[in-house]
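The sequence and structure come first.

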Amino acid sequence: MRHSMCRSNAEMRRKVRHVHLLDTSVATDNIGDEVIVEAARKHLLPSFLDCYITSSSTHDGMGAMGRHFASRADIVFLLGTNALSSTYRVGRRSGWCLNKPDVEALQGRLVLVGVGANRTFENLEWRQRRFLRRVLSSSFLHSVRDESARAIVEAAGLNAINTSCPTMWDWDDGQRFDLGGQKGSVCFSLTAYKPHESDRAMIAILRKKYQRLLFWPQMFADVEYLENIDDTAGIEIIAPNLEAYDQVLANPDLDVIGSRLHGGLRALAHGRRTLIIEIDNRAREIGRDTGLPTLPRASIEHELERWIDGRSQFTLTMSRQARQSFLAQFGTP
């Protein structure tokens, strides 16, 4: 005899949905992807607690099983990172690695979650427009993290809203920060794939201003880059993993300065006084849109000491309504 609490097979078919995640933290060499995906899953998955959840990698391509799952899913989410390009990249190695069979598997099921553009938008290549219209859902509003990404999606004839990055979704619109003045220690970051002479100047200023210097490599190559531009004497190198970084961020007597956007956002979430150095469009656009403390690379020699000596006070112009509009499509609790 069927238990009274059991649902019929027909009921199960009506209620259970299949959600597939394109996970940017799998097969990545950038720990920032882990920060993004952790936040995206935190905010997105409460809407899908009754669902079957599968996932596949964006960096390695979806693979046979990933394509199998995605082709049968009711909805597919791309979780964060700067995956949007204005040029056609299918079949090329990139942060969002897609092959033609992957495109076949997605077929209008894909919804963006806090996805950014890989460079400032100018115009959309016709093949990329056709690709985006083929894989992106036309039924849902897409969440992007910067205005260039929104322009790309809208140029493809689809709807997008700038929710900023999911790592910032815990903060309110108009939230005021007063993180005080200079602390005794500094944790800094570098970006090996975007080397620049200003990195030497930044380290020299940090040596002058702080008693204790720590370095967190968000990518393993960052360690070798540091060793190539500085003798590293007196610099404590933190293990290149998120758990070790979180332990360092628990110290209230710490400033965080550097070119790693999501390393900086993680620090701000811990309440640390944070400054992000702009090395490309990502920090520049998010800083402009939200009020996040950023500094152009060209201004390091003239402005960095002034920031260190000052008091860190700012207001984030986050749009809670934007992210609520995006999440409400899925019946967020």
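## Salt bridges and a buried aspartate

Arginine 266 and glutamate 38 form a salt bridge through their side chains, with N and O 2.8 Å apart. Arginine 266 belongs to helix α10 (residues 261-269) and glutamate 38 to helix α2 (residues 32-44), so the pair ties together parts that are 228 residues apart in sequence. Arginine 266 is buried, at 12% relative accessible area, whereas glutamate 38 is partly exposed at 42%. The model is a predicted one.

A second pair joins two strands. Arginine 212 makes a salt bridge with glutamate 236, and their closest N and O atoms are 2.8 Å apart. Because arginine 212 lies in strand β9 (residues 212-215) and glutamate 236 in strand β10 (residues 235-237), this pair ties together parts 24 residues apart in sequence. Arginine 212 is partly exposed, with a relative accessible area of 34%, and glutamate 236 is partly exposed at 36%.

Glutamate 197 and arginine 200 also meet in a salt bridge. Glutamate 197 is exposed, with 54% relative accessible area, while arginine 200 counts as partly exposed at 38%.

| Arginine 266 | Glutamate 38 | 2.8 Å |

With a salt bridge taken as a side-chain nitrogen of Lys or Arg within 4 Å of a carboxyl oxygen of Asp or Glu, the count comes to 25. Lys208, Lys209, Glu305 and Asp309 are linked in a network of such bridges.

Aspartate 146 is a charged residue without a salt bridge, although it is buried. Its nearest side chain of opposite charge, that of arginine 145, is 4.2 Å away. Aspartate 146 sits in the loop between β5 (142-144) and α6 (147-155), and its side chain reaches the backbone nitrogen of alanine 149 at 2.7 Å. Beyond four places in sequence, aspartate 146 is in contact with Gly116, Ala117, Asn162, Glu285 and Asp289.

The chain as a whole has 13 helices and 14 strands. The C-alpha atoms fill a box of roughly 75 × 50 × 35 Å along the principal axes. Of the 333 residues, 54% count as buried. Among contacts with a separation of 6 or more, 76% are between residues 24 or more positions apart. The chain exposes about 14,900 Å², of which carbon and sulfur atoms supply 47%.

Methods. Residues numbered from 1 in each chain as written. Predicted model: local features only at pLDDT ≥ 70, side-chain atom pairs only at ≥ 80, totals over all residues. Heavy atoms only, no water. Helix = DSSP H or I, 4+ residues; strand = E, 2+ residues; numbered from the N terminus. Buried < 20%, exposed > 50% of the residue type's maximum accessible area, 1.4 Å probe, protein only. Lys, Arg positive; Asp, Glu negative; His and termini not counted. Polar contact = N/O pair within 3.5 Å; in protein donor to acceptor, adjacent residues only side chain to side chain. Contact = heavy atoms within 4.5 Å. Areas by Shrake-Rupley, 256 points an atom, 1.4 Å probe, with all protein chains shown as cover.
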